[in-house]
Amino acid sequence: MAVTDGSPLLSVSDLRVGFATERGLVRAVDGVSFDLAAGRTLGIVGESGSGKSVTAKTIMNLLPSYARVEGSVTFDGRDVRALASSGARHFWGVEMTMVFQDPMTSLNPVKKVGEQIAESLRVHLKRSRKEARDEAGDLLEQVGIPEPRKRLTQYPHELSGGLRQRVVIAMALACSPRLLIADEPTTALDVTVQKHILDLLDGLREERGMAMILITHDLGVVRGRADDIMVMYAGRTMEQADTDTLFSEMRHPYTEALLETIPRIDMPSHSRLVPIPGRPPDVIEVSTGCPFAPRCRSCTDVCLTERPTLDEQGHGHVCACHGPVGTDVGAMARSANEASGVTPAGLDMAAFGSAGVEAGDGS
Amino acid sequence: MRFLAHRLAALVAVLLAVTALAFGALNILGDPLFNVVGFIASVDCDAVLAGEIEDISGQTAGGRGDCEIVEAARKEHRLDRALPVRYTYWLGDIVRGDFGTSFKNEMPVRQVIAEKLPKTVLLMVVAEVMGVVISIPWAVAAAYRANRRFDRASTVTSFGMLAIPNFAMGIILFYFFVVRWQVFPSRFEDTDLFARLKSMVLPGLTLGLPLAATYQRLLRTDLITTLQEDFVQMARAKGMSDRWIMFRHVLRPSLFSLVTVFGLSTAGLIGGSLVVENIFSIPGLGRAVVEAVIRDDFPIVLGSVVVIATGFVVINFTVDVVYSFIDPRVRRDG
């Protein structure tokens, strides 16, 4: 089942997902494309509502039946959406699985941990009760849970958040999937545990040669872990590049803004974190311009009327922006806005500075 | 264990309260002496003994005067003592297993209950089993495609079942299955277990269908709520089938309301059994209680109250224990 060279394990092409609501069609994902090769990690980064989870759920066939999906998802040459409609068994959970954000709720509270891990093995791989149980114990050991045999008979509420997320990971890995989608796997966890879980995921991925999609709102999480990064906003791809390029030649003002929202070790303490003013747009109101324009400090008149296309910046680096960071157009737009104090979208430039939170401030 | 001890203490307290109320009400609202000896209870014995008046039967009734009979009855039933004292004596007898004898035919109450109770219990068990067995697959099917055609039809059907009073339901079933198609016997047949069960089908349905409707409503709602949980998405991501997820993941944590109402509904069933036992001619406790109430046969009424209240309280105690089997998190608080 080796993937032939050149063809990606997972290929998503022009994916569009809409939800019909009383207020109109919500475009949760609007033309997203990416390829993921076996054994590699793709980081999908964006704020809540950017469409990253919906993208993941589309791949996992977890969307409610009223979702309207267009575009194609191919896994190892197989049409995933066709598999979904034909009710294929032993595909999800075997070839690809997913780990969710909140380990407190993604385990069934009334079933023992061991049963929950063993059920995939029994259903998909037809293991006997005892075999499945033994393997579940091994899996718990692999995800670094102390006293794994004892944990098998415990209920989720008897475990801490970090341990529960490890159990969830063990569950997801039971049938040795080739693709693991981790949707904000550490957001609900204590900061002290987050790094452990991310390192664990990374280690397991490498050990098993698994591909991984790591979804997060935190660019810091994917830095150093993902091979490629896709930045999403309002259901669209804003910027996409391999990780090194993205951080060294950041093009999109949104990517830049995202990076400024997270504290960094190398910044002096008490540095201001810069918030992104405003909030993600309501995806029902599809504007003609760039969706980020109302919150962008490099916004120009063109941004309000014309939707930027996803342009090649070199080496597979793409960016959808009229005035990218690091270009003359972008620099001019920004300095013009700074001079006038307000962007063409009506945003007060002061919002980028004065509302900032003092990092490390005791209050 | 502390949880169990608490529940047991509450159980005893409830039983004491119920029996005290029933005992007090019957003794105050009725006249026990009149019920035992009949109209001679009104004789003014002091006057008779003082020779001022004659008693009603003209002195002799098999050698004993009315007053002697009245006095004997007073002594026997401790009617000369205060009400709380009488209650204490009565309770002591009950605890020792002595339920007294019927005022009317001198039958031991225990024997009456022993004869009638099994039929009523069988009726209630059949009704509850039907309620549960019908409601679970029904609710699962409705919740699986919530707000679709089947679910909507189920809503209408279940409200219909709840709206029909049980005497009407009983008569309708009786008319079709007994009178017209003669599938089931018209009265209770006590020859063997099969005959007993067969006689219980229609009465069981009469009580069980509204139960099934209630349970279906509750379970459907809880299932739909549980289906929104993250662990259901997780199970889907693990590639579990819809059926597997429904029965292995969703059903158990959704049973709380059903189990609660299961316990409470037994009280309603006792009321319902009075009606149903009459329609289907089942010589059960329900009928016996109605007759005893009409004839002011206190010992039978009180004995039945004790048995019914105990049954009700014990079932609801069991329900509390069942919670901890449904959800292991309940055990922690115990």
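Two strands count as paired if DSSP finds at least two bridges between them; strands (E, at least two residues) and helices (H or I, at least four) are DSSP runs numbered from the N terminus. By that rule, strand β3 (residues 41–45) of chain A pairs with β8(A) in the parallel sense over 5 bridges. This is a predicted model, in which local features need pLDDT of at least 70 and side-chain atom pairs count only at pLDDT 80 or more, while totals for chains, interfaces and linings use all residues. Residues are numbered from 1 along each chain as its sequence is written, and chains are lettered from A and ligands numbered from 1 in the order in which they are written.

- Strand β7 (residues 179–183) of chain A runs parallel to β8(A) and is joined to it by 5 bridges; Asp183(A) has Ile215(A) in β8(A) as its bridge partner.
- From β7(A) the chain passes through helix α7 (residues 191–208) of chain A to β8(A), a right-handed β-α-β crossover (with the strands pointing away from the viewer, the path from the first strand over the helix to the second runs clockwise).

**The antiparallel sheet of chain A**

- Four strands form an open sheet in the order β2-β1-β4-β5 (chain A), with antiparallel pairing.
- Its edge strands, β2 (24–36) and β5 (78–79) of chain A, each pair on one side only.
- β1(A) and β2(A) are antiparallel and share 10 bridges; Phe34(A) in β2(A) is the bridge partner of Val12(A).
- Helix α1 (residues 52–59) of chain A packs on the sheet and touches β1, β2 and β4 (67–75) of chain A, its direction making about 70 degrees with that of β2(A) (axes are lines fitted to C-alpha atoms, for helices over the stretch in contact, and angles run from 0 to 180 degrees between N-to-C directions).
- Leu9(A) lies in the segment before β1 (10–21) of chain A and is buried, with 21 other C-beta atoms within 10 Å.

**Helix pairs**

- α3(A) and helix α6 (residues 161–173) of chain A pack at about 20 degrees, with axes 8 Å apart, and are therefore roughly parallel (under 35 degrees; over 145 is roughly antiparallel, 65 to 115 roughly perpendicular and the rest oblique).
- Val113(A), Gln116(A), Ile117(A) and Ser120(A) in α3(A) meet Val167(A), Ala170(A) and Met171(A) in α6(A) (contact requires C-beta atoms, placed from the backbone, within 7 Å).
- Helix α7 (residues 149–163) of chain B packs against helix α9 (residues 193–227) of chain B at about 135 degrees, with axes 8 Å apart, which makes α7(B) oblique to α9(B).

**Contact between the chains**

- Chain A gives 24 residues to the contact and chain B gives 18 residues.
- On the side of chain A that touches chain B, β6 (96–99) and α3 (113–125) of chain A are the elements giving two or more residues.
- The largest share of that side, 4 residues, comes from α3(A).

Terms used
Buried ≥ 20, exposed ≤ 12 C-beta atoms within 10 Å, placed from the backbone. Contact = placed C-beta atoms within 7 Å.
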